[in-house]
Amino acid sequence: MIKPELLLTDLLIYLLVAGIIYFIIYTRRHEHLRRPWRQVMSTRTGAVTLVILLTYVTIGLLDSIHFQLPLENQNNQHETHYSAEVLSVFDIIVTPLRERVEKTYSAPLAAHAYAKETIELPQGGQQRTYPRLLYGGAHLDDPATERITDIVATTLRALAVALLLWSIIIYVTAWWLSHGQQTSAAAMLQRILNNECATPWRAILVCIGVIVAILCLLTALSAKYHVFGTDKVGEDVLYQTLKSVRTGLVIGALTTLIMLPFAILLGIMAGYFRGWIDDVIQYLYTTLNSIPGVLLIAASILMLQVYMANNAEQFETVTDRADMRLLFLCIILGITSWTGLCRILRGETLKLRETDYIQAARAFGVRHLTIITRHILPNVMHIVLIAVVLDFSGLVLAEAVLSYVGVGVDPTMQSWGNMINAARLEMAREPMVWWSLLAAFVMMFILVLSANLFSDAVRDAFDPRLRKMD
Amino acid sequence: MNDPLLSVRGLQTCFATTKGLVRAVDGVSFDVRRGETFALLGESGCGKSITALSIMRLLPQPVGQITAGQILLNGENLLTLPEVDMRAVRGGRIAMIFQEPMTSLNPVLTVHEQIAESLARHKGLKGSAADNRVHELLDAVGIPAPKARAKEYPHQLSGGMKQRVMIAIALAGEPDLLIADEPTTALDVTIQAQVLELLEQLQRDMGMALLMITHDLGVVAEMADHIAVMYGGQVVEQACRDDFFASPAHPYSRKLFQSLPDMKKRDQPLAVIPGNVPSPHTRFDGCRFAPRCDAVWPLCRTEPPQWQSVNGDPEDHHNNNVHHVRCHLAAAENSAKQAALESKAGENIDSKTDIDAVTRPDDGTIANSDNTSDVTLLAVDELKVHFPIRKGLLKRTAGHVHAVDGVNLTIHRGQTVALVGESGCGKTTAGKAILQLTKATAGSICFEGDELTQLKGEALRRRRRDFQIIFQDPYSSMNPRMVVANIIEEGMQALRVGGNNSTERQARIDQLLQQVGLPTDSKYRYPHEFSGGQRQRICIARALAVEPKLIICDEPTSALDVSVQAQILNLLKSLQNRLGLSYLFITHNLSVVAYLADEVLVMYLGRIVERGTTDEVLNSAKHPYTQALLSAVPTIDTTSKKEIVRLEGDLPSPIDPPTGCHFHPRCPHSQPVCRERYPAAVQHSDSHQSLCHLFTNEKDDSEECHSET
C-alpha cells in the first residue's frame, strides 16, 4: 500500500481548486458574471492563453498529489517501511525521466558526455575521450552516423501520432459541440473551420494541436535521449523544468490567495468607514510599503531556517522542509504585496460609498456588513480579478529573482529560480552549458506571457471604462 | 434667398457594434443659412449629436463611419476632403462647443494658452497680437477682467465661465458656423439664460450661423429660427419656429408639447408617449414612431412615410421655410382621395383628447389636493448642515461649508412640497439630512412626533421605513450586480416588512411591480436591461416596498427624456392619490414644480428665501431671486413677452457666504441695508412668505395702505 502524504501547500492548492470550481459554478448561474467571461473566451488571445495556462495547471496539479512508496519487504517483517522519498503522481508518470540519471553534464539530444574523460578501454589501456552516455542515445551502435537519422525518424513518427491524436480530438470536439446544438458533427466541423462559432474553436484546436505535437515529440524523444540535456549531477533538465511548474504556480497562486484577504478587507474597510479606521490602515500600508521587500523576505527566510534547524524533528522528510520553506515564502510575499491592491480598493470604495444605491441601502437601514458584502464587494471584484491575474505573472518572476539572490525556495526544490541560479556558474565555464538556462527561460516565458495576455483579455472584459457600446 | 452655408444631404452614419451595424443617423438632410439659428431637436439616442460629429468628421474611429450622403459647406463636400484640409475647417470654418464645460477644457493649461492655441492654428497669430486677441475674445464673451482671467486655470472658473471660455475658443477661428451641442444642459437656469443670451448676441454681431442641438423645447423657442425634429435617426419634421410652435404636424412633436408639465395641466394626467425611445439596434419596417404613436394606422407599420410638405405643395424638398413632415397622416390629410382615412385619424386624435378630458374629473387630483390633511408628518426646524473643511497636517478645521443654514419646513400628510434652487444651494443635502444619511449639525427634524436627530440604532432603523428616497440618476441608483427582485427585497429584508417569509415577499414584489407599471417577469432581470424610465420605476417600487409615508424625490426626472418624464410624473401623482403619500420634491425644474407641487420653497445658498403655495410663488413671486429664476426658464410660449430679469454672476461659495442678505451681490434691487443684515421673514399672505428687505421696508407702507382701505 502507498502512504499518501499531504503537504501543506497541497492542502492549500486543493482548497484553491475547490474555491475556483465553486466560483465557476456560481458564475455560470449569474448572467452579469457570465457575460464578461464569455467575452474573454470569445477573443482568440483569451481562449488560446487559457488553454496554455490549463496545460501548466494540469502539470502542477498532477505534481501536487504526493505519497510515499513502500520499500520492498526484505526481512519478512510485518510492518512496511516507507521510502523517505516523497513522490507525486507526476513523478510516476515521468518515471523514466526521473530515474535515468547520467554522470554529469550532457548536451541536449547528445549521445556522448559533454566533457572528456579518461576511460579504460576494454582491450586495456586508457583513452581520453567523450564517453558514451548511460541512457542518452544508448540504443545506437554508431552515434556519429545514426544519431541524426534516428532523431528525425523519431520526430516524424511522433508527429504522425500527434496528427492522429489531434484529428481524434477535433472530431470529438465537433461531435460534442454538435450534440448541444442539434446539428451534425460534420456541419459543426465546417463551422469551426470557417470560424463561425462564438468561441474561437479553430484557434483553440490549433493551440491544442501544437500542445499535442509537443507532448508527443517530447515523449518519443525523451525515451531515447535527454531532450534538454542533463545538469551537473546528470539529472534530466526536462524533468527539472517540468517539476518547476508546480513551484511557479504555487508561488503565484498561493501568494495571491494569502494577499487577498488583507487587501480586500482592509481596503474596503478603509474606504467605507473613513475616519480613524482609514488613518490606521493607511498608516499600516504606508509603513509596510517603505520597508524594502527583499530585506523583509531575507530576514524572514533566515529566521525560518534557524527555526527548522533547531526543530529538525518536526520535519520528517526533505520534501517537508522544502515545502515549509515554499509556504513561508508565499506567506511573506503575500504580506509584503497586498498594499498596492489595498490602495486601489480603498479608492474605489471611497467612490462607491457615495453612489446612490449605497445611499438607498443606508436609507433602508441595511447593516454595514451587509452593505459591504452585498453592494461593495461584488462591485470591486473586477478590480480584484484584474489585479490577481496581473500579480500572478509578477510573482512567478519574483520567485526566480529571489532564488537568484539566495532567499528563494529551498535549494533542493526544483524551481526555475534555482535553475537560473545554477546557470550562473554554468555560463561561466568553458565550454558553456546553456541548456538549463534556456529551458528554464522558455518554460517561464511561455507561462508569464500567457498569464499576461490572459490578464489583458480579462481586463478588457471586466474594466467598465473599456467596455464597448452595448 | 441666399445660398445655404451648410447643407447636409442624405447623411447616413453607421456604427459597427458587437450586435452588428447600427444606423445612428439615417438619411438626414437640412440646410443652415448664414446668420440663422437652426435647431436640431430630439430626445437622447435620436442621433442629433452624431449628426453634429459627422459634420465635423469627429466620429469615434474606427467604429463610426459615414456611409452615404454629402455635407456641403459653401458648396464644398467636406466628406471628400483629405484629413489635412479638414483640420483647417474644424475650428476655422466650423467650430463646436460641447455639453460639458468641465471636461472640454484641459485642466493643466491656462485659459490664455487654450485660446491662443486655436489662434495660432487658424489665424497665425503669435506673441502680443495673440495676447490682445485673447483679451478681446474674453471680453466679447463677457468675462470680467479678461487680462487677469486669461492667466487662470479652468478649475478656478465656475461652470458658466468655463462655457464662456469654450465659446471664446470656438470664436477664435472666426468660424462661419458654430455647432453648439447642448451648450447649456449642464448649467443652471440662471447661467443658462446668460449663455443663451451671449450666443444670440455674438451671432448677431458676427453674422455666424448657429447649429443648436438640444432636447429642450424652451431653448428652441427662445433661440431658433428653424427647427428640425429628429426621431430614431431621421428628421421627422422641419419648419420655421412660428409654424412649428403654432401647429406641430408630426404626432411625435404634438405629443412632446402635450407631455410638457405646466401649471395648466395640474389637474389632469400628462399626455404620455407610451414606450421608450427606440434603441439604435431596432430594425424598422414602417414609420419609426409607429409603435408609440396613437394616431397609427396599418400603413404606418408596413411602409416608411415620405418626406413631404404639410401643405401638399410639391415644392423643393429642402426649402427651409416650408413646413415639412415625415408622416403618413400628413399625406392623408393632403390627399382628398383619402378623406375617409383622414377623418378616422382625426377621430383618433380627438378621441384621445376626449379621453384626457374625461379622465380629468375621475382622476380625483383636485379632490385629493383638498384632501391634504392638516396632520403634520414632518416638521423641520432650523436645520443646519455644516461640513468642516480640514487643512494642514493635523487636520484642523479651517472653516465650514454652510451647505444648509437654517431651513424650516413642514410637510402634511398627502402633500407635495417642492424645494427649488440652483445646484449647490444645499437642497440635496437638506434631503439627505432629513433621511439621516448626513448628520445634521443643528436643528430639529421631527417626524410624527419622533425627533429623528436623537434616534439611534434600532429605533432609527424602525423609523426608516416611513421615509424613503428616489434618486436623480436611475443608472447609478441600483446595484448593477443584483436582479430586480433582490433590489426591491433589500429594504423589506432589512426593515422586516412585507411578510416574514420569502413567498409572501415575492408576492409583494409582484404587486409592487404591477403598481409601478412593470411586467412581473422583469423580476429576474438586471438593471442594465431596462431603459432610464423603467429603472426609475424600479427605484420607485423599491422605495414603496417598505410602505413609506414620505418619499423624498431628488430630481427624479431630470435625467429622463421629456416623453418619459411625463410617464414618471403621472405615476408619482397617481401613487400619491392611491396611497396618500407625501412628497418632498427636490428639483430645479420649475415646470415640474408647477405641475406637481402644493407648496414651493425656494432655496438660495442654504436658506429658504421664499415659500408659498405653488400659485403664489410661481405667479406672484416676491423675492427678486425667485423672479429671476422664473424669468430665466426658457418657455415655449413665444407670444407672451414676460419681463426679463437677468442675473449677473454665479452662485457664491457656501464656504464664505456674502454678508447680510446672501443674494445681494447678484440682486438687481440691492440696497445698502441688504449688505448689513439678513432680512427677516415677511408674510404676504397666510401661506406666502419671503425674506427680503424690499418688503420689510414696504411692510409699514402696505399696512398703512391696508388700514386706509
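Which helix of chain A does Gln240(A) lie in? Keep that in mind as you go through these notes, and remember that this is a predicted model.

1. **Gln240(A).** To answer the opening question, Gln240(A) sits in helix H9 of chain A. With a relative accessibility of 9%, Gln240(A) is classed as buried, because the cut-off for buried is under 20%. Setting aside residues up to four places away in sequence, Gln240(A) touches Asp231(A), Glu235(A), Gln414(A) and Met419(A).

2. Is Asp236(A) buried or exposed? Asp236(A) is buried, and its relative accessible area is 1%. Apart from neighbours within four places in sequence, Asp236(A) is in contact with Leu97(A), His226(A), Gly229(A) and Thr230(A). For a sense of scale, Asp236(A) and Met259(A) are 23 residues apart along the chain, and their C-alpha atoms are separated by 35 Å.

3. **Chain A as a whole.** Now zoom out. Chain A has 470 residues, and 45% of them are buried. The secondary structure of chain A consists of 17 helices and five strands. Its C-alpha trace spans about 100 × 65 × 55 Å along the principal axes. The accessible surface of chain A is about 24200 Å², with 66% of that belonging to carbon and sulfur atoms. Of the contacts in chain A with a separation of 6 or more, 70% are between residues 24 or more positions apart.

4. **Domains of chain A.** How many Å apart are the C-alpha centres of domain 1 and domain 2 of chain A? The domain assignment places domain 1 at 140-222 and domain 2 at 243-453. Their C-alpha centres lie 37 Å apart.

5. **Helix H12 of chain A.** Helix H12 covers residues 318-337 of chain A, which makes 20 residues. From its first C-alpha to its last, H12(A) reaches 29 Å, close to the 28 Å expected at 1.5 Å a residue. The buried residues of H12(A) include Leu326(A), Leu329(A), Cys330(A) and Leu333(A). Among the elements that the buried residues of H12(A) pack against are strand S1 (3-5), helix H1 (8-29) and helix H9 (237-273) of chain A.

6. **Val89(A).** Here is a residue that is not buried: Val89(A) is partly exposed, because its relative accessible area is 24%. Val89(A) belongs to helix H4 (residues 89-93) of chain A. Leaving out neighbours within four places in sequence, Val89(A) is in contact with Leu62(A), Ile65(A) and Phe67(A). The C-alpha atoms of Val89(A) and Arg274(A) are separated by 50 Å, and these residues are 185 apart along the chain.

7. **Chain B as a whole.** Turning to the other letter in these notes, chain B has 709 residues, of which 54% count as buried. Chain B contains 26 helices and 24 strands. It exposes about 29600 Å², and carbon and sulfur atoms supply 50% of that area. Among contacts in chain B between residues at least 6 apart in sequence, 66% join residues at least 24 apart.

8. Helix H19 (residues 502-515) of chain B has 14 residues and reaches 20 Å, close to the expected 20 Å. Its buried residues include Ile509(B), Leu512(B) and Leu513(B). The buried residues of H19(B) pack against helix H18 (484-495), helix H20 (532-544) and helix H21 (562-579) of chain B. Just after H19(B), Gly517(B) takes a positive phi of about 80°. Elsewhere, Gln192(B) is found in helix H8 (residues 189-206) of chain B, and Gln192(B) counts as buried at 7% relative accessibility.

9. **Cavities.** There are three cavities of 30 Å³ or more. The largest cavity holds about 60 Å³ of space. Its lining includes His250(B), Cys287(B), Phe289(B), Cys293(B) and His328(B).

How values were computed
Residues are numbered from 1 along each chain as its sequence is written. Chains are lettered from A and ligands numbered from 1 in the order in which they are written. This is a predicted model: local features need pLDDT of at least 70, side-chain atom pairs count only at pLDDT 80 or more; totals for chains, interfaces and linings use all residues. Side-chain values use heavy atoms; hydrogens and water are left out. Helices (H or I, at least four residues) and strands (E, at least two) are DSSP runs, numbered from the N terminus. Buried means under 20% relative accessible area, exposed over 50%, partly exposed in between (1.4 Å probe, protein chains only). The expected span of a helix is 1.5 Å times one less than its number of residues. Contact means heavy atoms within 4.5 Å. Domain bounds come from an automatic or database domain assignment. Accessible areas come from the Shrake-Rupley method with a 1.4 Å probe; for residues, only the protein chains shown count as cover. On a 1 Å grid over the protein atoms alone, a cavity is a set of points where a 1.4 Å probe fits but cannot get out, and a pocket is an open set with protein on both sides within 12 Å along at least five of seven lines; lining residues have an atom within 4 Å of a point. Grid points are joined across faces, edges and corners, and a volume is the space filled by probe spheres set on the points.
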